[in-house]
Amino acid sequence: QLEFAESGGGSVQAGGSLKLSCVVSGDMYGRQCVGWFRQAPGKEREGIASIYLPGGGPYYADSVKGRFAMSRDASANTVYLRMDNLKPEDSATYYCATDPRNGLPFDCYTVNFWRHGSWGQGTQVTVSS
């Protein structure tokens with residue numbers, strides 16, 4: 001079983017920055033991808049960033065390329081999401097997630113790794129105009 005401790009969400013004005021953190025603990029056996037997805041009220045979930053643990057990435061959704069940067073501290077089992085030049089449309093609950101056991105590398109490359117995986121409680125990001 002996995003546990004996720006997400007932090008760093010908050011409220012900022014458009015153009016501002018936030019950095020999310022997530023400590024992942026528990027049994028990672030068979031899981032090869034970690035990253036973030038988000039969900040805004042009334043909208044579908046959107047994968048936004050991922051790292052392929054055997055080596056690869058980060059990979060990003062087009063909507064955040066050039067503005068968001070994902071990183072990982074393997075020694076601390078922690079992943080980060082630095083978000084710059086935030087826009088009102090970035091307002092959502094952000095979830096740290098892993099793929100399911102034996103997930104497909106392609107799903108990690110295309111930031112679709114989370115659909116059948118595991119994730120935390122999420123952290124809210126609100127961007128005002």
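## Basis of the description

Helices (H or I, at least four residues) and strands (E, at least two) are taken as DSSP runs and numbered from the N terminus. The structure is a predicted model, in which local features need pLDDT of at least 70 and side-chain atom pairs count only at pLDDT 80 or more, while totals for chains, interfaces and linings use all residues. Residues are numbered from 1 along each chain as its sequence is written, and side-chain values use heavy atoms, with hydrogens and water left out.

## Backbone geometry in the loops

Most residues other than glycine have a negative phi, and most peptide bonds are trans. The bond from Gly57 to Pro58, by contrast, is cis, with omega near 10 degrees, and Pro58 lies in the loop between β5 (46-52) and β6 (59-60).

Asn77, in the loop between β7 (68-73) and β8 (78-83), has a positive phi near 50 degrees; its relative accessibility of 48% makes Asn77 partly exposed, a class that falls between buried (under 20% relative accessible area) and exposed (over 50%), using a 1.4 Å probe and protein chains only. Asn102, which is found in the loop between β9 (92-98) and α1 (105-109), also has a positive phi, about 65 degrees, and is exposed, with a relative accessible area of 67%.

## Strand β11 and its partners

Strand β11 (residues 123-128) has a covered face made of Thr123, Val125 and Val127, and an uncovered one made of Gln124, Thr126 and Ser128. Two strands count as paired if DSSP finds at least two bridges between them. Strand β2 (residues 10-13) runs parallel to β11 and is joined to it by four bridges, with Ser11 having Thr126 as its bridge partner. Strand β9 pairs with β11 in the antiparallel sense over three bridges, and here Ala92 stands opposite Val125.
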